[in-house]
Amino acid sequence: MEKDADKKPASRKMEAEMETLRRMAITHGASSARVIDADTIPVDPRVRFKCMIPKCYMSGRCGHCPPYGYSAETTREIVNACKLGVFFHVRVDAAIIAAKNIGDVIVSGRADDAGNLLSLGGHYMLVYTLVHMLRKKAADMGMNQTHGFAAGCCKDVLCFLSKNCRILNGGDQCRNPEMSVPSLESAGIDAFRLAARVGWSVYPIGGSCEPRSVKRGMLMGMVLAG
Amino acid sequence: MKPEVFPVPEEIAPVSAETDPLNLESDVGRLADNARELGAAESAVISPEDIVFNESLPETMRTDGTFSSIHWPPEYPLDDLKEALFSFRKGIFLCIRAEPGMPDYGGGPIADPVHRDRYRKLHEIVTAIESRAFYMGYYLAMGFAAGNCRSVFCADADRCVAMTRAKACREPYKSRPSMAAAGMDAAQMFRKAGWPPDITKDPLLTGIVMIA
């Protein structure tokens, strides 16, 4: 992203507070976390299209997933208005995230004998919980303008037992308004590139991938502050 | 069934922080060769500037949409596909040979199974190249083929399942939107490529895979 010349740099106080949040993420289960300059966050229109071509089963499943949610343009505006972020990841064993037929298991929503669906769901829940905790702590420290981004589809993680996303069914209020945030990818943030740039080894894991082909998987989340 | 055209590498490399232009050049050239090995009659490395857009093409689908699918006509209310395509630096344009006397089915059912197989073959090449690029670290690779994917893969189904909210595509590893659905004028691009016109004319069995 291009740097906004009029944007004031983050104050020392804010840097210290973001470092507090970074440590908090690690303490509560993140495998690694970094404080990043918001101007370094790559927002790319292609990322949202990867949710729609071909159509992911999560696409259109909740109010955040494409074709709904933040357009890349909206995300750019949010990122531009922020100074710093805490970017973190939760490591997932390759045996779980690249398990044979895990894609089919996820789509079916039925627990598998190996327990991979439940385990993966727990990892996703941790990402949403961390984003929520960091934002709450940020608010306690006086940072009221924060934006959270998690991983995957919030409907599958927070409303797994409900039939539909309430937002998409009649525009009623979200069941989990405090916890529910868009995923990085649904908002057009190129999390893979960002992860590689901060020095994390992130692997492309697709439907044909086997656990032995990759060292690990990861789920990423981020909290941005203005 | 997932396509096994190219085996997934034994060891997948992590994503690079930046795309090396020299590596990209040689990788895209290799993928263009792969497309011919898989059965493409012609393939060429292209840049986004080589894509010819014709905004009226998706509109035509809207007016004749009696056999609609998730990709026919496409609906991206918040997103600009043209902007996404111009974010790529390199891609591969390819074509396969059409059967003699093959009619243009538009977006409707393809009655002749031999003709349907030609479309299927095109989709398979496009998705195989896209998949190979993905595992090479080009995780944003995006492919487009020809025709209405429902006519090719789900002709016997009452409806396109992917059009139902929260339902996935039945053939996510094989089916892709057509170039025309994305507003790309394949006929003009075919002419610009200088390929022999007897390969494929009406219908034009062309595809494109944008790599990185």
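## Cis peptide bonds

Pro73(B) sits in the loop that runs between helix 2 (56–64) and helix 3 (81–85) of chain B. Helices here are DSSP runs of H or I with at least four residues, strands are runs of E with at least two, and both are numbered from the N terminus. The peptide bond joining Trp72(B) and Pro73(B) is cis, with omega about -5°. In chain A, a cis peptide bond joins Ile53(A) and Pro54(A), where omega is about -10°. Pro54(A) belongs to the loop between helix 2 (45–52) and helix 3 (72–80) of chain A.

## Basis of the values

The model is predicted: local features need pLDDT of at least 70 and side-chain atom pairs count only at pLDDT 80 or more, while totals for chains, interfaces and linings use all residues. Residues are numbered from 1 along each chain as its sequence is written, chains are lettered from A and ligands numbered from 1 in the order in which they are written, and side-chain values use heavy atoms, with hydrogens and water left out.

## Chain B overall

Chain B contains 6 helices and 4 strands, in the order α-β-α-α-β-α-β-α-α-β from the N terminus. Its radius of gyration is 17 Å, close to the 17 Å that the globule rule gives for 212 residues, so chain B is as compact as a globular protein of that length. The radius is taken over C-alpha atoms, and the rule is 2.2 Å times the number of residues to the power 0.38. The C-alpha trace of chain B spans about 45 × 45 × 30 Å along its principal axes.

Of the 212 residues in chain B, 53% are buried (under 20% relative accessible area; exposed is over 50%, partly exposed in between; 1.4 Å probe, protein chains only). Among contacts (heavy atoms within 4.5 Å) in chain B with a separation of 6 or more, 81% are between residues 24 or more positions apart. Chain B carries 23 positive and 31 negative side chains, and the centres of the two sets are 4 Å apart. Lys and Arg count as positive, Asp and Glu as negative, with His and the chain ends not counted; a charge is placed at NZ of Lys, CZ of Arg, CG of Asp or CD of Glu.

## Helix 2 of chain A and Met142(B)

In helix 2 of chain A, 7 of the 8 residues are buried, so this helix is largely enclosed by the rest of the structure. Its buried residues include Arg46(A), Arg48(A) and Phe49(A). The cover over them includes helix 3 of chain A, together with helix 3 and strand 3 of chain B.

Met142(B) lies in that strand 3 (residues 142–144) and, at 0% relative accessibility, counts as buried. Leaving out residues up to four places away in sequence, Met142(B) touches residues of both chains, among them Arg46(A), Phe49(A), Ile53(A), Leu81(B) and Met210(B). The C-alpha atoms of Met142(B) and Val152(B), 10 residues apart along the chain, are 19 Å from each other.

Helix 6 of chain A (residues 116–140) has 25 residues and reaches 36 Å from its first C-alpha to its last, close to the 36 Å expected at 1.5 Å a residue; the expected span is 1.5 Å times one less than the number of residues. Its buried residues include Leu120(A), His123(A), Tyr124(A), Val127(A), Val131(A) and Leu134(A). An α-helix has 3.6 residues a turn, so residues three or four places apart point the same way. Gly142(A), with a positive phi near 100°, follows helix 6.

Asn101(A), in the loop between helix 4 (94–97) and helix 5 (102–108) of chain A, has a phi near 65°, a positive value in a residue other than glycine. At 38% relative accessibility, Asn101(A) counts as partly exposed.
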